[in-house]
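Please keep the sequence and the model open beside this note while you read.

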Amino acid sequence: MRHPPRLSALLAGAALTMAGTAFAVVGTASGAAAAPVCTVAYSVVGQWSGGFQGSVTVTNNSTALSGWSLGFDFPAGQRVSQGWGGKWSQAGAKVTAVNEGWNGSLATGASVTAGFIASWSGTNTAPTAFTLNGAACDVAPGPGPTPTPTPTPTPTTPTPTPTPTDPTDPPDPVGGAPELSVAGNRLVDQNGATRRLLGVNRSGGEFMCVQGHGIFDGPVDDASVRAIADWNANTVRIPLNEECWLGLSNIKPEYRGANYVNAVKDLVGRVLAHGMTPIVELHWTHGQYTGNSAGCSDIHASCQKPMPNARYTPAFWTSVADTFKSDRRVVFDLFNEPYPDRATSTAAQAWTCWRDGGTCPGIGYEVAGMQDLLDAVRATGARNLVLVPGIAYSNDLSQWLAHAPTDPTGNLAAAWHVYNFNTCSNEACWDSTLAPVAARVPLVAGEIGENTCGHAFIDRVMKWFDDRSLSYLGWTWNTWNCSSGPALITSYDGTPTAFGIGLRDHLRALN
């Protein structure tokens, strides 16, 4: 995000809660008397006017497969518009999902899940016949699509059965800042209670040190942190500078190395002491880039670069992870706002650069990809929750699922940023590109804001995220001009700007 002109920075850029249907399809190849060839579970996990999100899980009950193709027919004219977990296609009513390169092996008893977004009109009748590699699966009797309810007598002794997806007695959340883990597409604490990250960014640690002015912009004492908590925030995102953390010689001695690290640790400790989750995030990095949308020509970490660098960034994350790995209440955000798409000529090149790094077209330094940074974190033994942003200044998650780095701990969430001037800044884009991601992994809007000095836009963002129980953080808890920042406050006692009033009042109304 752009800081005020005096800071010489760069402008950057869920499960659906609607009612669904689910049923199991169990089949055997024609004439077989043994175990069924496959078991298929089809569900509509969210439905809205003209569209819905579906999921298909197939379990292989036969011999191991090195590749698979799932087929079924839509009976009511539904049309698949996009999908994940497989290569989706449709010809007439016939829908086919073929394995991706990474999930083609399907051992006996193993399952694979693929999802999709589709359109519908009139009725959304579920398919009733499936094939796996051409072998028909006979449909066992089951509830099928959700029927129109009819009145039934009230039983004298009702016996509801809790299920993992709809518990009647959900666990109580832990007190204070939680140790967060990923459970499907949710963030949960040590008790298994679902948690959301809701709060603010506290900018300063990314730019003050490299500009020679200090470590943080404004106070970070107990009173100023308590003022954030008074907004009913439960999360504070703390942007960092890799050269200051690593103690490189171009930074003034009083603002680098141990002095900088200890100041960050102290702020993290105060955030935790007020029961909030700290997110430590890498904002500015080393590496000279003068191409499209360059924020500066400086090789040093004095602006947002399109991608992190292989020279220093893995070392930064090794050190940060070593520092905080003993406290899983601390969350790691790998890189603020990647924009390799501005340097490369194709989206395929941009996403490959994003994940794998190396020599990327249009970027003159060796790049560290998201997989490199995640590997650096996990090599320390850290199991903390890690946030991974998309491209286009973190505003594009369209291929995040297909290119997500591999995490041996399974503790990975997607990060996304949005401002009123971004490309993906309306509900239609959020429905088409964010909803599929949120259906698979936790989604955190690490920065939301607008340059209007009002809050009409973030009100829309917060509603969309609230409706899906997702997380978001306002930019930023600094006393800047709300149109050039944008800034949430006019004073570190928590007095809001006209923009900040929207976030403050909304957070206070949530609980």
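1. On the disulfide of Cys353 and Cys360, the torsion about the S-S bond is about 100 degrees, so this disulfide is right-handed. The sulfur atoms of Cys353 and Cys360 lie 2.2 Å apart, and a disulfide here is a pair of cysteine sulfur atoms within 2.5 Å. Cys353 is buried, with a relative accessible area of 2%, and Cys360 also counts as buried, at 4% relative accessibility; buried means under 20% relative accessible area, exposed over 50%, and partly exposed in between, with a 1.4 Å probe and protein chains only.

2. A word on the source: this is a predicted model, in which local features need pLDDT of at least 70 and side-chain atom pairs count only at pLDDT 80 or more, while totals for chains, interfaces and linings use all residues. Residues are numbered from 1 along each chain as its sequence is written, and side-chain values use heavy atoms, with hydrogens and water left out.

3. By the sulfur-distance rule, the count comes to five disulfides. One of them joins Cys296 to Cys303, with 2.1 Å from S to S, and this link is left-handed, with -70 degrees about the S-S bond; both Cys296 and Cys303 are buried. Another joins Cys424 to Cys429, also with an S to S distance of 2.1 Å, and the link of Cys424 and Cys429 is left-handed at -115 degrees. Cys424 is buried, with a relative accessible area of 5%, and Cys429 is buried at 18%.

4. Which strands form the closed barrel? The barrel has eight strands and runs β14-β15-β16-β17-β18-β19-β20-β21, with parallel pairing, and the twist averages 30 degrees from one strand to the next. Strands (E, at least two residues) and helices (H or I, at least four) are DSSP runs, numbered from the N terminus, and two strands pair if DSSP finds at least two bridges between them. Strand β14 (residues 198–201) and strand β15 (residues 235–241) pair in the parallel sense over three bridges, and Val200 has Val236 in β15 as its bridge partner.

5. Helix α3 (residues 258–273) packs on the sheet and touches β15 and β16 (277–284), its direction making about 175 degrees with that of β15. Helix α4 (residues 313–324) lies across β15, β16 and β17 (331–333), and runs at about 165 degrees to β16. Axes are lines fitted to C-alpha atoms, for helices over the stretch in contact, and angles run from 0 to 180 degrees between N-to-C directions; contact means heavy atoms within 4.5 Å.

6. Helix α8 (residues 427–438) and helix α9 (residues 456–467) pack at an angle of about 40 degrees, and their axes are 12 Å apart. In this contact, Glu427, Trp430, Asp431, Leu434 and Ala435 of α8 meet Phe457, Arg460, Val461, Trp464 and Phe465 of α9. These residues divide into seven nonpolar, no polar and three charged, where Ala, Val, Leu, Ile, Met, Phe, Trp, Tyr, Cys and Pro count as nonpolar, Asp, Glu, Lys and Arg as charged, and the others, Gly among them, as polar.

7. Leaving aside its neighbours within four places in sequence, His403 is in contact with Trp351, Thr352, Trp354 and Arg355. His403 and Gln371 are 32 residues apart in sequence, and 9.8 Å apart in space from C-alpha to C-alpha.
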